[in-house]
Every structure is written in C-alpha cells, then in structure tokens.
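Here is a friendly walk through one model, for anyone seeing it for the first time. Take a look at it before reading on.

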Amino acid sequence: MKKHLLKILALGLVGSMAFAATGPDTYVQMTYGEVDSLDPAQAYDTASGAILENIYETLYTYKGESITEYEPVLATDYSISDDGKTYTFKLRRDVLFHSGNRMTCRDVEYSIERLLVTNPGDSAGWFYAESLIGYDGVNAKDYFGDGASQADLDKYWQAIDDSVQCVDDYTVQFHLIKKDPSFFVKLMYTASSILDSKYAIENGEWSGTKADWYDWAGKDLREGFLHNHDAGTGAFKLVKWAGKDVIAERFIGYWDYANKPQMKTVIIKVVDEQATRIQALKAGDADRITVNDRATLETQIRGMANAKVLESDKWLGAAASAVFFNQKIAAQDNPMIGSGQLDGNGIPADFFTDVNVRKAFAYSFDQDAIIQDVYLGKAVPLTMALPPSFLGYDPNIPIYNVDPDKAEEYFKKAYGGKLWETGFTMTIAYNSGNTTRQTVAEILKQNIEALNPKFKINVKAMPWPQFLAAYKNGQLPALVLGWGADYADPDNFIYVFYHSNGYFAKKVGYANPEMDKLIEEARSITDPAKRAALYSKVGRLAYEDVPVLPLPRPTGWMVLAKNVYTKGAPAGMDVYNNPMRSGSFLWKDIIKK
Amino acid sequence: MLNYIIRRALQIPLVLFVLSLIIVGLMQLLSPQQRAAAFITSDKQIEHLDQIIEKYHLDEGFIVQYKLWAKEVLHGNLGFSRISKEPVTATVRKKLPASTELALSAFIPIVLMGIWLGTLAATHRDGLLDQVLRVVAIIGWSLPTFVVAIWLVAWVYGGLGWFGIGRLPNSLLIDLATGNFHPHTGMFTIDGILNGRLDVTWAALVRLVLPATALVIVVSAGIMRVMRSSMLDELGKDYVRTARAKGLPEGRVVYKHARRNALIPVITMAGPMLGRMIGGIVVIELIFNFPGLGEWAAKAALQLDMNTLLAFVLLIGLIMATVNLLVDIAYVVVDPRIRYE
C-alpha cells in the first residue's frame, strides 16, 4: 500500500508538469539584469525602460520601427512657434490613469516639472533641464552646492515653473530657453512619461508646488512611492514588482481599448543564468529569452523545435562605439607613454595631434578582423559614429580599412618623417574581460608593429577600477568608448563624439573649430533635410580629420517562441524592432498564433 | 539549562557587532575608487567616480563609515539594497522564507538518508553494500554542484519537461499577485495550506524537487560518512559488547543503543550545515532561478553593496548562533548525560 502511494505521488508530480506552454494570453519573457526603478524620473536603463514603455505613455511616440516618424499618443496634435522655443500640445480628452483619475494638462505639467525638480544625478533629467531651464542640466542642490541664496533658489524654481504651462485643461505649452531640434524626440523617452499627479501627491510624492520643491531636488527616487508603484496610462498596469520579476496585466480602462492587447498578462522574469533561460524556452515556460552571445545562439538555439531566431542586418541598435585617440594625454607619471618623448621609447603627450598619425592608425585598423573575431562575421562597418537608422547618417562616406601601404605612407609623413626613423612605444590598455577593447588593441598592435620594427605597442589588461582611474586622469593614449542613444536625435551622438565640448571628445582633447561650427549649426535648426546635410558634412570632415574610428556594429537578434508575432511587423518579418524601445516592441502589439 | 541558554543568547549581539566591524573593515581595505568603480557599468558614467565617492561617503574613514551605518541600524533601518532595489528588510522578508523552505526541503532528506545509509554501511562493514555506498558517496562528494544542477535543469526540466524552475509556475504567480493570498510565512508550501490553497502547496513542492535533489546528491555523502564512522566507533565500545552479551536482539543494540550515541557528531555537523544552506546555496539558486539569500548576497559581494552585505552577514550570524544553540540543546536530548551548568 505504501509503495503504491509513492508511485501515485511520483506519477502525479511528473504528470502535472509535462510541457506546460505559456497560455495564449500570457507572455513570459526571461532576461537578465534587474529593473533599476519604475519611477520614470529615475530610471535610465533598458531593463526599467522595457517595463515603463508599456505601463506609462508619452505625448508622442515612434511609429512602428521608425525613429524618424512619429505618432500621437496622449496628445492629439502639436505646433512649434516660429522662434522654435514654444511647443504647444493639444491633449487627448478621454485618457484614464490606472487609478481611474482622468488625465488633464495638470498631470503633464506635474510630470515634466517633477523631472526638472528632482533630476537626480543618475537619471535622464539632465537633457530635459538643458532644453527647458539650463543650469548645466543639473538639479538645484548640485548646481548651487551649499552656497545658494534664497534669491538663487527662487530664480531656479521660477525657471521650472515657467517652463511648462497649462493654457487650458487640455492644452500644454513648453517654453524652451533656446531652439532645440531634439526637444520633440526627447519627449518620447520614458522619463517624460505622464504621471497621475493626484495619485502621486496623495501618496507622498512632491506636492507639485513651490512649498517643498527644494526638498525633492536631487533626491534618490528609488526610495519614493513611484519607485515601485505605477501611476501611468499605459495599455498594461503593474500588478507586482518586488525587486525582481515584474507582473503586469491588461488595463481595462485603456483609452485605445478598441485596439485591445491580445495579451492579458505579461511576466518579465529575471533569470540570471543563461542555461536556465534556454531550458525554460525549450520547456515552453518562456516566450522570449535573452541570449547574450552569438556563439550560444548558433550552437544551442538554432534548430530548437519550439523556438525561432529572428535577425536582420538592419537591427543595429541605437548605439555606436569608436576608437578614440587621446590628443592631450596626461604626461605626469604615465607609464603608458613611456619616456613621454619622440625618442623610440615612448610617445609625446600630444602624439595624436598629428593627423598623419591618426590616419596611419586608421589604415592599420582591420575592420574585417574585428567583424570576424568579435562578432563572428555578423556586423556592419559604420561610416560615422552614428547609428545608421538615425537622421543624417551618410552611408556614402568611405570607411577606413587595413592598408599597410597607406599606413606606412602616413607614418612616414608624421612628424616630418621623424616618427618613422625613431619609432615609438606606447601602451593600449583595456579593462579585463572586455573582449572588444582587447581585440581592437591586439589588432592595432599586430598591424602597426608589422610596419616597422621600431614601432612597439604594448597591450595591457587592467582591472576595472584602475582602468576607470586611468581614464579619469587622461592617461590612456587610445581606447574604445561606446554610447547608447538617450533620444533619437543625431545630436545625441555627434555632439558626444565630435564636438570639442562633447562628453567623450572633450576628454580626449579633440577640438576642430570647423567641426564645432557644423555641429552647432545643426542643433540650431529644425528642418530635417538641412540637418541631415550638415551631419553628412560632419561625417566627411571626420573622415578627413579622423578624431575617432567608428567600430562595426553587430547585427541584433531576438529569440522567441515559435508562435509569437507582433502587429505592425514589416513585410517578411514576424515582429517589428524599434531600436529606441528598450524591449524592441510593445507588449500591446504582441500576438500569439 | 535555562541559565545556559540565556547566557548563550546574550552572546549573540556581541557576535553580530564583531561581524559588522569585520565587514566594514574589509570594505575599507579597498580604495574609495575601487568601491566606486563597482557602481559604474556603462561608458556614460565613466566620469562619475568622484560624484559616487561623495554621495556614498566612500572616502570617509572606518569610524565615520561605521557610525553612519550603525546610526541607521539603531533606528531599525538596515538601509537600501542596491542589488534588490528596495529596503534591505523588505528583501530579507521575501528571501529568507524562500531560502529556508529550500534548505529544509533538502536538509530533512539529507539528514535522514545520511543517518540511514551511514548506519547500513556501518552494520555491513566492508561488505558489498558498504563498498557500493562508499563509491556512491565519493562520486556524490566529488560532483561539482553546478554540474548536477545544470544536468537536472537540462535533462529533467528542459528535456523531459518535468517539475519546473523558480518557486511557482507562471499561472500561479499571476493568480497570487492578483488574488487575495496572504503570505503569512513566505513559504508557499505552508502558506498554501494556511490559505486553503492546496494547489499552491503542491506546485511549490513540485518546484522544490529538482533543487532539493541536487542538494541531496551533493551533500548527503558527508553526513553518511560521518554517521558510518561514528557508528563503527560506537559498535566497538564496551557497552555494545555488554548489550550483545546480555542477549539483546541485534536490532535493539544497533538502533536503540549504538545509533543514538552515534548521532552526536552528526548533529554537530548538521546544525551549521543547515545554517550554511540557508545562506550559501548560490549556484543552486542561480541555476534553478530560486530567489534566495545566497544569490542576493553573492551579487552584493561582486558589486560591493555594503548595506546588503552587512545585513546578510548579520542575518547569517544570527541564524548560525541560533542553530548552534539548538545543537547544544539537541545534545542533551540525545544524550542525557550531557548537562550545561
């Protein structure tokens, strides 16, 4: 009898579990990387963005796969004043928040002002502040430090208060401090999601008034109510997020319920171990999983019975990286430049200011080897440091590739021929574990050392903290840096990589007045065609001047269960993939066949 | 006895205090730059080293750092966990029951099997059974945990589609998040019963099978070996010979007399093992996607999240101290000759 019972128990255990696929109206995604915060004003990472873009909405958004075409969401229409400094949006009248409150202009004003008031240092608030109030894009506490007078603070608050105004209940106006062609797309980023102001204030968030604004300046919003509560209008509402998995369900009161999402429930699970994610897909417990590397994709996923791999050489993401040449290397106590002289045993601190050196390096850079070694053949070389899907990317600009004769020619020209005679020694460092940085360094070493026995490049692995410190102190002669888009405007990349005041360019001391002029002109006009022409000029000038060497971009992929599709997929594809969406597509567009 | 327990309990705060000093002290061995670097994950933040150091007071000395933390703790605030993005106490409330549930579901079979097989091996000393068990034990002992775990996940779960990973199936996760299910204990097996939801208890049990099996395979061997040698010791003692000479049946000699005494080393070993299983089964938690304390703490260690690490170490310290106290009490139960004054 006892044995019998055990048998029944065992059979039951096993039987109850055999291959349960996720339900037809449930979507389960398994990924790694935890959500940082569900407060739109705090979150600045893709894991959080992938949730926020579904539970919150913005005034306008990207249309399908495009990042240059837009469609209204919470707004119905907009106009820009002739001076380009006032944006007026008409709001949709029938929008309910998940709480049941009705959306009005007051909520839009609250949401954007809250961004400007709080603007914590590790959030996206800076680029809204830059457009709307200035103050170097930082919050009042960080801007003034301890030395703020009451008058300073009043002025700062006034700037915030003036920047967003309600004309009536369903008309909102933004007043920019200067013309900014990126402002409109900035409003599509999740940080500018529209929050339920009433619900937020009732639950202890900023009151929306001057009374307590300074208390909220620079505050870490992860400790606030909206960090793990949802005050959105999205097609899905948050059911639960407690530090790890996110559960959301279809929102019955959604304004666009005519286009009702097919999925009733969505679960985003954090499963750190890749092998486990793969087995879950195989067992039918997941509809989409994150696969980190192409090797695993090819060996373990392809050919799996109930899974499909989607990819396209157009899926290049909204990111770019490049090799930077440091034109003002810190000379003091810097072992990476050896003697610090052009004597064969080192390089001078301004080694890379000679364009011939940069060109010689460019002609020693083997794009094909990078594509093969780092991306297993699946990558596309870039003509400039801008994602190809962005306005202004010019595919017709030539690309540097390895050419020993040209490299030799430019090395011989450099420093009036002295460099070729004396040779040089330098170190290219990478942080341990970063294979891209490592491969780039090794390829440069191999090709350059082969040109002249007096050329010596040491490749050095450094632990991350040391690498960061060396970067901060300006000691690295050459290094790879990457940038992911904050908003879909070319300025977000071009300024960072090429302008003398850009985040990366400034650090490596690149300054070309002609380049600066082009970039500044492009950020001061709104006509897309004119801007595209200017960015094309930037690309061409960058080809001549070689401030950086853009790296090839790997083509992306998605791993889904066989029956998962989306609405609005381009012809011949199962799903659409918008590089500005953290989750590639929205949950409301998911279809299971 | 009561006196002893009180005295032991009073030692606990001291232990915790010293543990917290050690952790804060160890952190200080890394430079502020090294600690700040753990916060930086993308090139966009590559310049933020100084701001991070300032924000988290990383350049302050040991005393200041300790005071900053201790002041909050005395107000009942263990701080915010960078790893789990919520207050440390909220995470502990969820993960401690999960870890305990998993640890117990493995611990009970491990101990019972260890004792049973250890006894068998000892009573069949050098016989075929003993030899076989010895080989099995060595194999179990030598298998790396992650190999067993991956094998179970790939073959049993992924291949055959049996059991499952995580704590509950997706359908129940949704159900519990939306319905009125009260997490009284945080252990789904027990909460299921308390809420009259036997389907939850059943599903939770099903999902404990694979991780618990992995633990049983890897850990049982130790207990078995200890039980075997301890049992052999006892069986060779005078009182056993006396009992046999008195004509007591062999079963009574072995199970009533010798085994009871042979349990002491097993208890000594099993107590701390339970404590460690609650806090340290990182690999199992990771591979079976079981959201427990070990994985949380391991991530915290890699990212130098001081609040999380301190809370974890204090919690484990507390568990270990409690377990040790229980072990001491268990000695008295097993062997009435033991007295604490």
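## How the parts meet

Let's start inside one chain: domain 1 and domain 3 of chain A bury about 1,100 Å² between them, with 64% of that on carbon and sulfur atoms. Buried area here is the accessible area (1.4 Å probe) that two parts lose on being put together, summed over both. Ile67(A), Lys179(A) and Pro181(A) supply 43% of what domain 1 of chain A buries against domain 3 of chain A, more than any other three residues.

A word on the ground rules: this is a predicted model, where local features need pLDDT of at least 70, side-chain atom pairs count only at pLDDT 80 or more, and totals for chains, interfaces and linings use all residues. Residues are numbered from 1 along each chain as its sequence is written, chains are lettered from A and ligands numbered from 1 in the order in which they are written, and side-chain values use heavy atoms, leaving out hydrogens and water.

Back to chain A, which splits into domain 1 (38-218), domain 2 (233-315 + 556-592) and domain 3 (319-554); these bounds come from an automatic or database domain assignment. Taken over C-alpha atoms, the centres of domain 1 and domain 3 of chain A are 36 Å apart. Their contact (heavy atoms within 4.5 Å) takes 13 residues from domain 1 of chain A and 14 residues from domain 3 of chain A.

What about charges across that interface? The rule finds zero salt bridges between domain 1 and domain 3 of chain A, a salt bridge being a side-chain nitrogen of Lys or Arg within 4 Å of a carboxyl oxygen of Asp or Glu.

Now for the meeting of the two chains. Chain B brings 47 residues to the contact and chain A brings 60 residues. Together they bury about 4,400 Å², and carbon and sulfur atoms give 61% of it. On the chain B side, Lys44(B), Ile46(B) and Lys85(B) supply 16% of the area buried against chain A, more than any other three residues.

| Residue in chain A | Residue in chain B | N to O distance |
|---|---|---|
| Lys472(A) | Asp50(B) | 3.3 Å |
| Glu34(A) | Lys299(B) | 2.7 Å |

Glu34(A) sits in the loop between β1 (26-31) and α2 (46-55) of chain A, and Lys299(B) is in helix α14 of chain B, so this pair joins two chains. Helices (H or I, at least four residues) and strands (E, at least two) are DSSP runs, numbered from the N terminus.

Chain B also has some labels from a record. An unreviewed UniProt entry puts "domain: ABC transmembrane type-1" on residues 96-327 of chain B, and such annotations may be inferred rather than shown by experiment. In the model, residues 96-327 of chain B are 81% helix and 0% strand, with the end C-alpha atoms 21 Å apart.

The unreviewed entry also marks "transmembrane region" on several spans of chain B, among them 12-30 and 135-157. Residues 12-30 of chain B are 89% helix and 0% strand, and their end C-alpha atoms are 28 Å apart. For residues 135-157 of chain B, the figures are 91% helix and 0% strand, with 27 Å between the end C-alpha atoms.
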